[in-house]
Amino acid sequence: MAFLKILEYTRQIISSYLTTNDLTDVSFTVEPSKPGFGDITCNIAFLLAKKLHKNPQDISQEIVEFCSKELGSDIKNITAHPAGHINFELDFINFSKSVLEESQSPHYCDIDIGKSKKIIVEHTSVNPNKALHIGHVRNIVIGDIITRILKKVNYDVHTLNYVDDSGLQVADLIIGFKHCGFSEDPPDNEKFDHYCGDTVYVGTTEKYIDDKDLESKRHEILKAIEDINTETSIFAQKITRKVLDAQLKTVWNLGVTYDCLNFESQIIHSKLWDNIFSKLKSQNLVRLEKSGKNEGCWVISSKDEDDKILVRSNGVATYIAKDIPYAAWKLGIINDPFSYKIFTTQENNQTLYETTLDQRDSDTNKLSFSGDKVITVIDNRQIRLQKIITDLMRRFTGSDSYIHLGYESVTLSSNTSSILGFETSDKSVQMSGRKGFYVDADLILGNLHDKIYNESKNRNSSLSDSELNSIAKSVSVGTIRYEMIKPDLDKIITFDLETSLKIEGDTCSYIQYSYARAMRILEKSNNLITSVNFSNFTSQFEINLIKKIAMYDIQVSDAAKNLSPKVIARYCYELAVAFSSFYEHVMVLNAESDELIKSRLLLVHSFSLTLRNALSLLGIDSPSRM
RNA sequence: GGGCUCGUGGCUCAGCAUGGAUAGAGCGAUUGGUUGCGGACCAAUAGGUCAAGGGUUCGAAUCCCUUCGGGCCCGCCA
């Protein structure tokens, strides 16, 4: 019985006291205690003290007396702390038995919160004109981990990547190729996304400063891109698809996959906007301004904000007008104009589909990528626009079905900034793709890979080159993922090239290292784990480790309910700390008796399975050697 | 000007949703640890008016208000 069930059981004991005394409308908490205060604690006495105008201590005494008679086999003792808390002490033999047995299952702590409900997660959504930088990686990793966590709690999750293949940034590339003389073939087989971003995009942007004609060409080209089947739009498709292919290599390298790619050009061609616009008009959610500065525009109002223009006075829809139909499509509020064809099969054998407007292209029976609930991962700079969309979707569906999962940006430390050739007096600086000022994702992954390869080689003389490469990949990808997910979503990450290479302390490699140590113990043991005496776990180190293993379900539930990936990251770290301490202080293979060896091996096995399970939620591998 | 957000040891951050007991980690500093299953480790010491002030409360790092400081957003651009 992992922790959630025990908490629920404890809650019922308290509730039975409340019903017996006609006090049913109190919402109290039951949670794991801080060290030194039993195993489980309840705050009911404080709440009743307020309500009944009595001393919390007296109330807790009374509750303890009542509940002492109700304790089953899992709770050994219940005490009233002088401060007013009610503390429960577990029967540790029963507890370790159920925790260690349950944790042997690959479905350990699979909780059914989602009830198989369909949910859409959209993330990445990087313009296909440049390589991914470390800021994009934060988005991708958040989206991917949310996907994994929601699957764990039994949502039917579908992941989308929105490809904005018709914006100004794409027009800039076209101008670069068609009017600035950039070759379509990158020099020295440079990766195409790097070439487009660093050379063509940055170079073209610089040319705008001197050449004003070029500036005016941008909008002609933009319009041509949006038209279907023009020479320009066909060329733009070719270029953006090549960039996208290169970007996807980086994404897959990070262990991230999708279910479907949505192309903005097709959303435009599909006339989804006309569809949603008439819906907006018929429900009076937009209005045509008759006078004032926005005369002739269709605007949308929201409280505390200025009116937002959806359609300009010349009849052309604005940027946000592209997001609204897409959001509505994701929620299935409008008829799906798309067919779906196979884009490719990804490394994990997952099929990646893409939208198509040509029904003959369809590879399948009609698929659907809409859901009852939609999570859109976009950074907090877009919060105003996302709020408008969230409000609109609430009006359409009558529920909070559209969720903008925002996060703060990744900035560069002044040190890193000066390495990239931009001196600054500020502590940190925003990246800029347009200026070519950013930390490239492939580069940082490569640096980490090399460092870890060498590190591992020094420690393991016997490992082959391919084994070392596989370890370096697991640890480098894990390290980036962990660093991107560890801080709260609303904390700015100041990225520093130097400190990003650290592999000691609260890092992914520390966690993976604890796994590798556990695996070495298990490898060396010849003992089949059979019957185990659960009263053997007496040291604080063993008890702490078992309790941590038991708390996995609380963390999964917390992470899923609050869409908070860092909860799992912290848990993995705490679990690894508990094991490292155990490892240092408690002998396993050299324990005093066979019986002890067996019990401890079972514990080590439970630990390794639980850590691997938790790390997999973070998309982090668990190598058994490193 | 308006809105959003962050502020916890020298540095980087947990804890805040749901107020409660002793504010926890990592890095850095100082010190100790392998006749033990991997030292990417363990253990210990120093270091905190939880930005400031006020309020609510029996009780505030946590809730509310004000101020200060940092960041972001606010186009008939995308």
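β1 and strand β2 (residues 40-42) run antiparallel and are paired through three bridges; two strands count as paired if DSSP finds at least two bridges between them. V30 has C42 in β2 as its bridge partner. This is a predicted model, in which local features need pLDDT of at least 70, side-chain atom pairs count only at pLDDT 80 or more, and totals for chains, interfaces and linings use all residues. Residues are numbered from 1 along each chain as its sequence is written, chains are lettered from A in the order in which they are written, and side-chain values use heavy atoms, with hydrogens and water left out.

The pair belongs to an open, antiparallel sheet of four strands in the order β1-β2-β4-β3. β1 (30-32) and β3 (75-80) are the edge strands, each with a single partner, so one side of each has no neighbour in the sheet. Neighbouring strands are turned by 25° against each other on average, direction ignored. Helix α1 (residues 3-20) packs on this sheet and touches β1, β2, β3 and β4 (86-90), contact meaning heavy atoms within 4.5 Å. The direction of α1 makes about 140° with that of β1; axes are lines fitted to C-alpha atoms, for helices over the stretch in contact, and angles run from 0 to 180 degrees between N-to-C directions.

Chain A as a whole has 21 helices and 17 strands, which are DSSP runs (H or I, at least four residues, for helices; E, at least two, for strands) numbered from the N terminus. Among contacts between residues at least 6 apart in sequence, 72% join residues at least 24 apart.
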